[in-house]
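Here's a quick briefing to read alongside the model. Have the viewer open as you go through it.

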Amino acid sequence: MAEEEKVEAEEDLIEILEPSSGPIDLARYVDYVRDPAAGAIATFEGTTRDTFEGKRVVELRYEAYVPMAARRLAAVCAEARAAWPVLRVAVAHRLGTVGVGEASVFVAASAVHRAEAMAACRYVIDEVKASVPIWKKEVYENGEVWKENREFLERREAAVGSVPERKEAACCCGSKVRVDEAATDGKNSAV
């Protein structure tokens with residue numbers, strides 16, 4: 001585990017897995033949150049789908065600022081603990097290339113009752129997508145694009161509000177698309 005960034009706070013297992021780690025061992029995280037007092041274990045597995053908006057997805061590629069991502073994941077787990085009486089939380093996120101059908105992120109939470117386990121699990125994955133500095137690139141047959149999660153965009157929009165000068169400042173980069181010229185007969189497009 002030398003290549004993995006690992007943080008344990010209270011009963012939480014948080015890992016950002018380097019590309020050499022291979023697929024996420026889902027059973028490891030479920031077993032980690034298993035507890036004799038738990039009446040429920042809720043999980044979420046985020047996988048690479050094969051299409052997006054009519055385009056064939058070949059793979060996803062993830063990058064992160066690992067020290068900051070690990071700290072933010074620890075904070076997210078602490079926030080879930082403060083909001084619900086969970087027993088244990090585990091979260092893993094892969095970096096590097098994640099093929100179609102493979103898991104890129106996994107969350108598990110245990111609690112005495114299912115409602116708390118499910119709510120904490122949902123909170124953690126929503127916060128991972130909204131606030132943890134892990135970036136996703138979708139690679140298509142004829143191009144690739146860095147993606148912003150819907151949760152991140154909604155959070156940014158809520159923070160910016162309706163102040164016009166802040167809206168302009170918040171949207172500094174826009175989306176970037178690179179399309180393979182050979183696949184489009186020289187017709188490139190940028191969004």
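**A buried lysine and its surroundings**

Lys137 lies in strand β9, residues 134-140; strands (E, at least two residues) and helices (H or I, at least four) are DSSP runs numbered from the N terminus. Keep in mind that this is a predicted model: local features need pLDDT of at least 70, side-chain atom pairs count only at pLDDT 80 or more, and totals for chains, interfaces and linings use all residues. Residues are numbered from 1 along each chain as its sequence is written, and side-chain values use heavy atoms, leaving out hydrogens and water.

**Around Lys137**
- Lys137 counts as buried because its relative accessible area is 14%, and the cut-offs are under 20% for buried, over 50% for exposed and partly exposed in between (1.4 Å probe, protein chains only).
- Leaving aside residues up to four places away in sequence, Lys137 touches Glu59, Leu60, Arg61, Glu144, Val145 and Trp146; a contact means heavy atoms within 4.5 Å.

**UniProt annotation**
- The unreviewed UniProt entry puts a "binding site" at His113, Arg114, Lys129, Lys136, Lys137 and Glu138; positions follow the numbering used here, feature names are shortened, and annotations may be inferred rather than shown by experiment.
- His113 sits in the loop between β8 (103-111) and α3 (114-131).

**Helix α2**
- Met68 belongs to helix α2, residues 66-83, and is partly exposed, with a relative accessible area of 39%.

**Whole chain**
- The chain has five helices and 11 strands.
- Of its 191 residues, 40% count as buried.
- Among contacts with a separation of 6 or more, 68% come from residues 24 or more positions apart.
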